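This briefing sets out selected features of the structure shown below, grouped by topic.

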Amino acid sequence: MSARHLYVHLPFCASRCGYCDFVTVVGQEGRHAAYVEALLAELALERTALAPRLESVFLGGGTPTLTEPAELARLLRALPTAEEVTVEANPETVTPELAALLRDSGVTRVSLGAQSFQPRLLEVLERRARPEDVRRAFAVLREAGFDNLSLDLIYGIPGQCRCDLDADLSEALALEPEHISAYELEAKPGTRFTHAHGEELARQAEAMELYFERVVERLTHAGYRWYETANFCRSSAGRDLRSRHNLAYWRGRDYLGLGVGAVSTIAGRRWRTTPRLGRYLTALRAGERPERELEELPLPVRSSERVLLGLRLDEPLSLAGLGDAVDAAAVERLERLGLVARGPGEDELALTERGRFLGGGVTTELLA
Ligand SMILES: C[S@@+](CC[C@H](N)C(=O)[O-])C[C@H]1O[C@@H](n2cnc3c(N)ncnc32)[C@H](O)[C@@H]1O
Ligand code: SF4
């Protein structure tokens with residue numbers, strides 16, 4: 001079995017945002033070239049895990065667009081081509097030169113981390129970009145010819161009121177991105193953010209259901225398709241603007257991840273590469289695979305994951321081949337409550353709109 005989806009992790013960031021627990025490296029600009037070299041060595045070692053033709057490549061971070069431009073270009077040119085090539089960009093890093101570099105290197109889609117348009121909320125998040133950076137970055141990317149742009153928003157930021165959320169949604173919609181991801185702020189254990197704001201986040205937890213409903217209402221009303229719990233795309237004749245890369249995760253497809261802390265799932269096994277930059281570089285310099293944590297995924301685990309992830313989508317999930325993962329009595333009960341619907345095909349199941357608002361709670365009840 002070979003993967004048709006490739007994730008590449010670029011960990012470098014200019015500073016660390018308090019809420020973030022992704023694998024990031026602050027500073028260490030001098031190591032960009034060595035890191036790209038290591039990524040290419042890792043790609044050569046893992047190449048046989050990839051299908052001859054890829055559907056998606058995703059460069060995520062960290063801040064991929066902080067990478068030294070010549071190194072970023074070298075990396076992009078050496079990666080296999082794919083129908084969708086996405087790069088995550090932080091707004092303050094986007095210049096006309098960077099946008100041209102991305103376009104000339106085969107990137108088809110850029111995902112811009114806006115998070116909010118309210119200066120005081122961006123400060124709470126410890127973001128570097130100001131609202132005007134987001135608007136400017138967006139215009140620069142459009143000017144360079146990108147016709148598939150995504151914006152990331154976060155809601156549930158300490159101090160955010162409902163009018164802030166509405167203002168953020170209006171600002172995002174005014175830019176007319178093809179895709180919007182709107183995530184509820186997660187208090188990651190151990191981050192200094194959770195330490196500083198944990199109590200307030202707990203206090204406002206109840207309001208989050210209303211915020212979520214508001215996000216869905218505003219974006220669907222503006223014509224966006226709510227195709228995954230936190231993801232929306234513009235409906236466009238003849239163009240499917242869902243993220244092909246993320247769809248692959250939600251549909252349980254295999255993917256290969258390269259870089260520090262990257263996760264791969266292939267043929268029933270999942271592994272996570274060491275998050276330690278030094279060890280990663282040393283291993284690949286010696287032509288060896290970096291350390292990894294390996295997890296076997298037995299069929300029942302894979303089936304439960306398929307249910308948990310598949311039901312986040314607005315398309316029916318086929319239960320064929322998922323064995324006893326779903327509890328038949330729970331399906332009947334939740335169907336009577338109007339939270340799940342069977343069909344349209346045989347053995348297919350989806351959450352209803354009400355079920356989707358309740359999300360994970362319904363899905364967990366479905367699992368046998
Ligand atoms: C890992 S970040 C990398 C992208 C880029 N460096 C940035 O900051 O925009 C990818 C996205 O995950 C989301 N994210 C990160 N930490 C989060 C958290 N604690 N809760 C909710 N969303 C989060 C943000 O919307 C962010 O744009
Ligand atoms: S820029 Fe993005 S990846 Fe880097 S610390 Fe901030 S949220 Fe995390």
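**Cysteines, ligand shells and backbone geometry**

Cys-20 counts as buried because its relative accessibility is 16%, where buried means under 20% relative accessible area, exposed over 50% and partly exposed in between, with a 1.4 Å probe and protein chains only. The model is predicted: local features need pLDDT of at least 70, side-chain atom pairs count only at pLDDT 80 or more, and totals for chains, interfaces and linings use all residues. Residues are numbered from 1 along each chain as its sequence is written, chains are lettered from A and ligands numbered from 1 in the order in which they are written, and side-chain values use heavy atoms, with hydrogens and water left out.

**Cysteines**

- Cys-233 is also buried, because its relative accessibility is 2%.
- The count of disulfides is zero, a disulfide being a pair of cysteine sulfur atoms within 2.5 Å.

**Ligand 2**

- The shell around ligand 2 consists of Cys-13, Ser-15, Arg-16, Cys-17, Tyr-19, Cys-20, Thr-24, Gly-62, Thr-63, Asn-90 and Arg-127; a residue is near a molecule or strand if one of its heavy atoms lies within 4 Å of it.
- By class, this shell around ligand 2 holds four nonpolar, five polar and two charged residues.
- In this classification Ala, Val, Leu, Ile, Met, Phe, Trp, Tyr, Cys and Pro are nonpolar, Asp, Glu, Lys and Arg are charged, and the others, Gly among them, are polar.

**Ligand 1**

- Ligand 1 is surrounded by 17 residues, of which Gly-62, Gln-115, Arg-127, Asp-152 and Glu-186 are the closest.
- The shell around ligand 1 comprises five nonpolar, six polar and six charged residues.
- At least two residues of this shell come from each of strand S6 (109-115), strand S7 (149-155) and strand S8 (179-184); helices (H or I, at least four residues) and strands (E, at least two) are DSSP runs, numbered from the N terminus.
- A backbone N or O atom of Gly-62 is 2.7 Å from a nitrogen atom of ligand 1.
- A polar side-chain atom of Asn-90 lies 2.9 Å from a nitrogen atom of ligand 1, and a polar backbone atom of Tyr-19 is 3.2 Å from a nitrogen atom of this ligand.
- Taken alone, ligand 1 exposes 550 Å², of which the protein buries 91%; accessible areas come from the Shrake-Rupley method with a 1.4 Å probe, and for residues only the protein chains shown count as cover.

**Backbone geometry**

- The peptide bond from Gly-61 to Gly-62 is cis, with omega near 15°, and Gly-62 lies in the loop between strand S4 (54-61) and helix H2 (69-78).
- A cis peptide bond also links Gly-343 to Pro-344, with omega near 5°; Pro-344 belongs to the loop between strand S16 (340-342) and strand S17 (348-351).
- Glu-176, a residue other than glycine, has a positive phi near 55° and sits in the loop between helix H6 (162-174) and S8.
- Ala-267 likewise has a positive phi, near 50°, in the loop between strand S12 (263-266) and strand S13 (269-273).
- With a relative accessible area of 49%, Ala-267 is partly exposed.

**Gln-160**

- Gln-160 is placed in the loop between S7 and H6, and counts as buried because its relative accessibility is 7%.
- Not counting residues up to four places away in sequence, Gln-160 touches Arg-120, Leu-121, Ile-154, Tyr-155, Leu-165, Asp-168 and Tyr-211, contact meaning heavy atoms within 4.5 Å.

Terms used
A polar contact is a pair of N or O atoms within 3.5 Å; within protein, one must be able to donate a hydrogen and the other to accept it, and residues adjacent in sequence count only if both atoms are side-chain atoms.
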